[in-house]
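User: I would like to go through some labels used for a protein model and ask what stands behind each one.
Analyst: Go ahead; here is the model.
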Amino acid sequence: MPRAAAIIRAGGLVAFPTETVYGLGANAFDAPAVARIFEAKGRPTFDPLIVHIADRADLAHLFTEGALADPRIKLLADAFWPGALTIVAAARPEVPGLVRAGLETVGVRLPRHETALALIRAAGTPIAAPSANRFGRLSPTTADHVLEQLDGRIDAVLLGEATEIGVESSVVALDADGPVRLLRHGGIPLEDLAHVLANHGGIVAAAPTVQPGVPMQAPGMTESHYAPMVPLLLVTTAFPAGVTECALLAPDRATLTHLEGLASAAGANVHASVALSETLDPVAAAAHLFERLHELEAALIRRAVPAARIIAAPYPEGGLGSAIADRLRRAAATPQ
Ligand code: TXA
Ligand code: MG
């Protein structure tokens, strides 16, 4: 830990586990260090980073006094921090423009993972960290995933307890007026946010896609994201025509059996098949979602199966299921 903290203080990059996914961290107030994150990930600079803190008092260095006067910050922080919620609000001018992607706001999260908290405390500075994957690729939930994509491009990876939630934080934006906006489904279900905000103007889900000419509200909302290297198709009823080589992914065992039946009727070769949980269980499913996608991707790539597809059944909406459904939709929207 002292070495990792020294790397952060010296302007280097350290990947570290959080309770959602692995992050790729740099000192949030060191603009050249932050620039290295974008370089290592191949991430476009219009996509802002989340700043991670270990102590709520650090909000004073990140949000403006005006933003901090919003009672909903305390409400949300009391309910969900430490945890999988990122709060976006007006940024102090000292927050480097690159962290904010030029926006006037900054996203902040106080994680609950011990390794993440220890790193932030030892470094003595808030840490800007996107998920530790190459831009647009699957998010990492193990140190191996991080090394597969970023070995040689970063200075260190910290090992730690599993990323137990398995999907990224929920992102909410607080504006000077109007209800809180949910920018990204994630580890904290919309229903839980709505419950806490019920007497404080509620919460609305922001427009899900990017519209031409309209500035992006949350670049993580671009349709194609979290993409496996093998194209993923979401099927609802019929098995997609022309697919002869595939791996299957379903929310539960019964749906997987149904998918296997469809594949077999279509004459497709199934190289791997996975149920996210035995019976429908969004918490267990989220915890292993990216890991299973990494495995299916690896199975098809290792065997060099030509024209292979991952065929997935959509995940039912509701609770943490909405974050899983969202990640699968984005993985499927990849132009290949
Ligand atoms: O769980 C997580 O949030 C993980 C761990 C490492 O904390 N981090 C993560 O970061 O998922 P990343 O970079 O993959 O996603 C950050 C997303 C951006 O793409 C954007 O959607 C939203 O957070 N975001 C961050 N700052 C924002 C801002 N100022 N305004 C709007 N959206 C923002
Ligand atoms: Mg990401």
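User: In which helix is the place of Val146?
Analyst: This is a predicted model. Val146 sits in helix α7, which covers residues 143-150.

User: Why does Val146 count as buried?
Analyst: Buried means under 20% relative accessible area. Val146 has 0% relative accessibility, so the residue counts as buried.

User: With which residues is Val146 in contact, leaving aside its neighbours within four places in sequence?
Analyst: They are Ala15, Tyr22, Ala132, Pro140, Asp151, Ile154 and Val157. Contact means heavy atoms within 4.5 Å.

User: What makes the approach of Thr20 to ligand 1 a polar contact?
Analyst: The cut-off for a pair of N or O atoms is 3.5 Å. A polar side-chain atom of Thr20 lies 2.6 Å from an oxygen atom of ligand 1, so the pair is within the cut-off. For Arg43, a polar side-chain atom is 2.9 Å from an oxygen atom of the ligand. In Ser131, a side-chain N or O atom is also 2.9 Å from an oxygen atom of ligand 1.

User: How much of the accessible area of ligand 1 does the protein cover?
Analyst: On its own, ligand 1 has 670 Å² of accessible area, and the protein covers 98% of that.

User: Which element gives the largest share of the shell around ligand 1?
Analyst: Strand β5 does, with four residues.

Notes. Residues are numbered from 1 along each chain as its sequence is written. Chains are lettered from A and ligands numbered from 1 in the order in which they are written. This is a predicted model: local features need pLDDT of at least 70, side-chain atom pairs count only at pLDDT 80 or more; totals for chains, interfaces and linings use all residues. Side-chain values use heavy atoms; hydrogens and water are left out. Helices (H or I, at least four residues) and strands (E, at least two) are DSSP runs, numbered from the N terminus. Buried means under 20% relative accessible area, exposed over 50%, partly exposed in between (1.4 Å probe, protein chains only). A polar contact is a pair of N or O atoms within 3.5 Å; within protein, one must be able to donate a hydrogen and the other to accept it, and residues adjacent in sequence count only if both atoms are side-chain atoms. Accessible areas come from the Shrake-Rupley method with a 1.4 Å probe; for residues, only the protein chains shown count as cover.
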